[in-house]
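Hi everyone, thanks for coming. Today I'd like to walk you through one structure, so please have a look at the screen first.

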Amino acid sequence: MNEIYLALKNFIFYRFSLHEDNAEETETIESIKKNVEFKGASLWTLIFAIFIASIGLNVNSTAVIIGAMLISPLMGPIMGVGLGIGINDFELVKKGVRNLVIATIISVAASTLYFWITPLHDSSSELLSRTSPSIWDVFIAGFGGLAGIIAATRKHKTNAIPGVAIATALMPPLCTAGFGLASGNIYFFLGAIYLYFINSIFICVATFLIVRYLKFHKKDFGDKQYERKVHRYILIIVLVTAAPSVYLAYRIVDKSIFENNANAFIQHELNYKNTQVISKIYKYSRKGNEIDLLLLGDELIPREIDTLQKKMFAYKLENTKLIIRQGLNAKNKLDISQIKASILEAVYQGDSTSKKSNSFDGISRPIPEIDGELNALYPELRTYTINNVEVKHLATTRVDTVTMAVFNFSSSVSAKEKMRLQVWLKNRLKSDSLQLLITP
């Protein structure tokens, strides 16, 4: 048994040791210190990378965003702060923090300038994904920081550093923060800065952990009193830095658990035959969570709603308020995400011009890509959505399939233009059952 234990121990040490290809400590420290300061070429590289990333976010191009992150030098000061804390180098910590603040301000300013002058002002999916941090962002930042500092301590450098820049995505949140400022959307700004803060903190913590694991020599002072003072300052910095990150991580985990429980509750309990959940909004708050649902179909009676509320305890949603909006009264608080639901409700009430289900295309019929054609034909078109939906009739068991199109223009559209657009869509989509709604 002892031989098996020793063999397993030797195997693990041989395979997972970080000391085999470890570079000289002084070499690693100097390499990290060299990348901490932003001036000259590194500063211009950062600005150009910010503009590239902003363009990528603006046109919703993932490839352009990745290209910008590959040339970004933002990792330097963050790893410098982690190294400084790990070796008691207070001057390096101050230098890293100062340069990180400078880089952050310049990055946000550059992205704000771009989004202020660009003619494209829509919120792309790449932008929106940087406004709501999740638990996965914490894991990505932590593991990315570990990979980054391990790569930085090797004799033979690898391409892990740019890989970490991609994984932890430091630049897109800064660009999204600039978009928030340029568009006057404070929620975009706060959400993006929140994500950037999380990434920075956990990269810094990961750097500190690896530095201590590799037992880098701590800085020694001739003046012991000054050394104790520096230790106190570093401890304060660590606590001030770590405490918010722990709290933020807890909130992110708690929010993810709430959303998963809410999804499970809706999936298992609101699976009625003649009632569908069209829209679901989760509101996470310290004062109390909410699940806001918009239903279409047979209205739930009060007894059924009471039963649903009692079942929420089984999904650990006891402190969550359930809001159910259904029928014509559901039109209040209608937002863009619920426009589709209002159209469905209108069709649900009955359309004398609709054809019977046997003449309609199936619900699974694909919608062709027509972005380029619409851009050329209707430059004033801002957004649109097209979907095949089922329409159930209360009086009979008939189920119709209708192609719904919702178009939003920057200016008013005449009845003649609307008719022309509807005819073109019917021919282009090969759908005789198309219903068109023009929203202001």
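Let's begin with a word we need for sheets: two strands pair if DSSP finds at least two bridges between them. Strands themselves are DSSP runs of E with at least two residues, helices are runs of H or I with at least four, and both are numbered from the N terminus. This is a predicted model, where local features need pLDDT of at least 70 and side-chain atom pairs count only at pLDDT 80 or more, while totals for chains, interfaces and linings use all residues. Residues are numbered from 1 along each chain as its sequence is written, and side-chain values use heavy atoms, with hydrogens and water left out.

Now to the sheet. It is open, has 3 strands in the order β4-β5-β6, and its pairing is mixed. At the edges sit β4 (381-392) and β6 (434-439), each of which pairs on one side only. On average, neighbouring strands here are turned by 20° against each other, ignoring direction; angles run from 0 to 180 degrees between N-to-C directions, and axes are lines fitted to C-alpha atoms, for helices over the stretch in contact.

Strands β4 and β5 (residues 399-409) run antiparallel and are joined by 11 bridges. As one example, Tyr384 has Phe407 in β5 as its bridge partner. Across β4, β5 and β6 lies helix α16 (residues 415-429), running at about 140° to β6.

Next, a pair of helices. How far apart are the axes of α6 and α10? They are 7 Å apart, and α6 (residues 90-117) packs against α10 (residues 171-183) at an angle of about 55°. That makes α6 oblique to α10 (under 35 degrees is roughly parallel, over 145 roughly antiparallel, 65 to 115 roughly perpendicular, and the rest oblique). Among the residues that meet are Phe115 and Trp116 in α6, and Leu174 and Phe179 in α10; contact means heavy atoms within 4.5 Å.

Finally, two residues with a positive phi. Asn88 has a phi of about 60° although it is not a glycine, and Asn88 is found in the loop between α5 (75-86) and α6. Lys215, also not a glycine, has a positive phi near 60°, and Lys215 is placed in the loop between α11 (186-213) and α12 (224-269).

Which of the two is buried, and which is exposed? Asn88 is buried, at 8% relative accessibility, whereas Lys215 is exposed, at 63%. Buried means under 20% relative accessible area, exposed over 50%, and partly exposed in between, using a 1.4 Å probe and protein chains only.
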